[in-house]
Structures are given as C-alpha cells and as structure tokens.
Amino acid sequence: MILTFEEARRMVEDHASLLSPGDYETLDLLHSAGRILAEPVTADRDIPPFPRSTRDGYAIRAADLNQLPAKLTVVGEIKAGSTPTHPQPLNSGEAFSIMTGAPLPEGADAIVMIEYTSLHGDRVAITKAAAPGENIVPQGAEAKRDSFLLDRGTRLNEAAVALAASVGKSRLQVFVRPRIAVLTTGDEIVDLDAEIGPAQIRNSNSYSLAAQIQQAGGEPVLLPIAPDEPRRLRELIEQGFQSDLLLMTGGVSMGRYDLVEQVLAEMQAESFFTGAKIQPGRPVVFGRIRRGPDCSCGADTPVREILAASPSLNKSDKYFFGLPGNPVSTMVTFELFARPMLEALSGMRPRQLSFLHARLKSEIRVKPGLKRFLPAILSGQYEDSEVELVSWQGSGDIAARSRSNCLIVIPADREQIPAGEWIAVMPLR
Ligand code: AMP
Ligand code: MG
C-alpha cells in the first residue's frame, strides 16, 4: 500500500478528524502561550467599550468644518482614561483637545489630526475638513459584548493571549498535552551514555522526535531502544500503545531485520499505508490498533470482532507511525504525517499544509516519480527570498539537515527546475 504524498497526507488528515483531545487543565494566562484553548472566550463588554479616538487631535462636529480654515473654541481636554461622559457635550463651534485612545465626547462626530490645526489662545484653527466618523472606532466595532472571540481548538499565540487579556481572562482552560510514545528500533542503536562500539550508532531519532513532539504541543514518552528481535519489540510496542500515539523509528524498510511491520501484523494492527512516494521517507507506515471498548479484547482478538463490537473509534484504539530510521527521513516524515495527528490529539483545529515560495538560486535536476522534500537554505532579504539545496549525503546526513532551514518541495512530475523559478518551500523551525 504505497500512496502518493497527497493521498497519504489525506489519509492522515481523515483519521486525525476522528480523534478527540483528552482532559483539560486551568492555567495562568502567562503560562498558556502555545497551548490549545479548551473553552471559548467571549467579549465581556463591547470592544472598544466607547467610541475611541485613534489620533491625537481635536474632537469636532464635521459640519463645523464646511468653511476652511475653521476657528473653534477649545472647551477642554480629554485624555485616554477620561470617563466617556465628559463634563459637557460638545456644541457647534467648539472643539475638545483629545488624545489617542480617549473616548469621544457626546456631540462630536470626528477627530481632526493635530497636524492640521494650530492653537491661538483658546481658539484652534483647522485647515482640513473631516468626514463624520473620521479617526474614530465606533463602540463595539471590533466585537460586540458576549460575541465569540476565540474558539476551542485555537492555539494560543501572542494575539490570542492579548485578546484573552483584553477581556480579563487571567486564567484559561487548555487541553492537557497528549502523550506521544517514541520507540526506536535497531540492534546497532545505542543510547548516549553507553560505551559505543565501532559499528554502533548513537540514538539520535528519539531526541529529534522528542524535540519535534514538544514543539508541536505534545509530551514525549521515550521508551527503551528495541532490538531487532520480535518478542522484545512486541513488548515495547505494547508499552507504546499506553500513550495517545506511538511513533516508531527504524525497522520499516525491506531488510531482513526490519521487523516492525511483521510484529504489528501479528498484533492484528491495521495499516493504512506502508509507504509514500516521497523522498526522503518512502517506507513510512501509518496504522491503528483496535482494542475495543472492553478489556476482554486483547491483542489476539481478531479485528473483525473488535470492529463488530464497536464500529466507531474508541479511546483504547491507538494510532501509530512507523517512521523510517534514517534520521532526516524521521524528521521529515514527522512534519509531514505525524504532526497533524499530534495536533488533533492536542485539541487543535485541523489546518491544511501549505507551502511558501522562494526564488530558486541554482538549477535542480531529479528523477521524477517521487515528491521530494529536500533540505535547503532560505536566504535573501525582505521581498527577495532565495532558496538553494544544501549538499548532502542522503537521508542519513544529520549535519546537512542542521545546516538547512527549510525543505524545497519538488512535485513528483518535475525533472528539472531552472534557476530563477519560484519554488515551494516548507520552512522548518
Ligand atoms: P532502518 O530504517 O532501521 O533500516 O534504519 C535506517 C538507517 O537509520 C540505518 O542506518 C540506521 O542505523 C539509522 N537509524 C535507525 N534508527 C536510528 C536512530 N534512532 N538514531 C540514529 N540513526 C538511526
Ligand atoms: Mg533498523
């Protein structure tokens, strides 16, 4: 079951839409940045709560400026923070000096910017006409009292945090971070503190995945390294299914010791794809294990029986990815496929993957047939963004990936892309 990139991505998005987040917790607003909102936030009053001046200048009646220059009597000053019911309403022939953010006095219908005025004693001369409403935000124009400002599922970025602050929400309900199990496989892989033999490889995938999981809003749960031996592998996979999502790396290629798919098949796991026409990351696996609503359904219960018992998704049903072991493939396939599942488990509203564009610095030639996501450097300044591939030794080259800051996205049907073409890029953090 090898899908095109778009089919595979679509498959993941469809399954992600079946997921629901876990519990919620209450956090101080200050600690809520980056988390996913679990409650709607509404306006506690109109925003702005009064007609607000957007300029320093004079509050006037627009009709008083039909003849220019107009000379009006300054009857007072309104600072930001002054009560909206200022001492007296504005009469024809009068002006209030007013500051940015201050409430418009009754009777005024426009603000003339200070640049178009000159003060002579208690009289102000105005040299520019104003349309009614000029330089004023009407009461409630940004939001009406009780209207929805933020929905459940919003990631709390600085704007969402500011909006919550503006309506007095000092504490917010957010979803608990999903727990994402990470299981690295391979006899040659050793952990960082162990003595390393000449043919052994240090485990880097668990750490890159942990970083990506944290960045995407999940809590990584690192399992011990699994050997290429089915019994221990199965034990650790079982442990992994205690988390909300299981990410395995390695052991999904075609080699004799690539046992992940075999063990998952023994466990009656369904797989939705066992490869995608991409590079890096072709042998990526996506699937689900169904355990049914009652604990009597064990690993050996046929999937047919579980499905018959509970056709819709159950809390004990768990999704998994078998990500290819090559470190760059692991990182790229996490971004392309695992991230949307993690985001759905974290309660985030789904979003589509979209790419930015930059001008290609030097020609690219590739063999067609696979959609490529190749490490590249995005540079240039302002409107002039340029991109070029980093030279690399293939999908094991972590150093090349660390020199890159984006992926160039090459459609599967392209063979040659000339320098100067605007090309899709996927920025990396
Ligand atoms: P595999 O997918 O198991 O065939 O592994 C592909 C390549 O990735 C091999 O060269 C592995 O040594 C390497 N690899 C697998 N797992 C890891 C890991 N956790 N950290 C670093 N390299 C790995
Ligand atoms: Mg391996």
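Which atom of Asn326 lies 3.2 Å from an oxygen atom of ligand 1? In this predicted model, a backbone N or O atom of Asn326 takes that position. The protein buries 79% of the 480 Å² that ligand 1 exposes when taken alone; accessible areas come from the Shrake-Rupley method with a 1.4 Å probe, and for residues only the protein chains shown count as cover.

Local features need pLDDT of at least 70 and side-chain atom pairs count only at pLDDT 80 or more, whereas totals for chains, interfaces and linings use all residues. Residues are numbered from 1 along each chain as its sequence is written, chains are lettered from A and ligands numbered from 1 in the order in which they are written, and side-chain values use heavy atoms, with hydrogens and water left out.

Ligand 1 has 15 residues around it (a heavy atom within 4 Å). Thr184, Glu188, Asn203, Ser204 and Gly251 come nearest. The shell divides into 3 nonpolar, 9 polar and 3 charged residues, with Gly counted as polar. A polar side-chain atom of Thr184 lies 3.0 Å from a nitrogen atom of ligand 1. A backbone N or O atom of Gly251 lies 2.8 Å from an oxygen atom of the ligand.

Six strands form an open sheet with mixed pairing, in the order S8-S5-S7-S6-S10-S9. Strands are DSSP runs (E, at least two residues) numbered from the N terminus, and two strands pair if DSSP finds at least two bridges between them. Strand S8 (110–113) and strand S9 (117–120) are the edge strands, each pairing on one side only. The twist averages 40 degrees from one strand to the next. Strand S5 (residues 57–60) runs antiparallel to S8, joined by 4 bridges. Ile60 stands opposite Ala110 in S8.

Two loops with cis peptide bonds may be described next. Ile47 and Pro48 are joined by a cis peptide bond with omega about -10 degrees. Pro48 lies in the loop between strand S3 (41–42) and strand S4 (52–53). Another cis bond joins Gln279 and Pro280, with omega about -5 degrees. Pro280 lies between strand S21 (278–279) and strand S22 (285–289), in the loop.

Positive phi values occur at Asn135, near 65 degrees, and at Gln268, also near 65 degrees. Asn135 lies in the loop between strand S10 (123–126) and strand S11 (136–137). Asn135 is buried, at 16% relative accessible area (buried is under 20%, exposed over 50%, partly exposed in between). Gln268 is partly exposed, at 28%.

Definitions and conventions
A polar contact is a pair of N or O atoms within 3.5 Å; within protein, one must be able to donate a hydrogen and the other to accept it, and residues adjacent in sequence count only if both atoms are side-chain atoms. Axes are lines fitted to C-alpha atoms, for helices over the stretch in contact, and angles run from 0 to 180 degrees between N-to-C directions. Buried means under 20% relative accessible area, exposed over 50%, partly exposed in between (1.4 Å probe, protein chains only).
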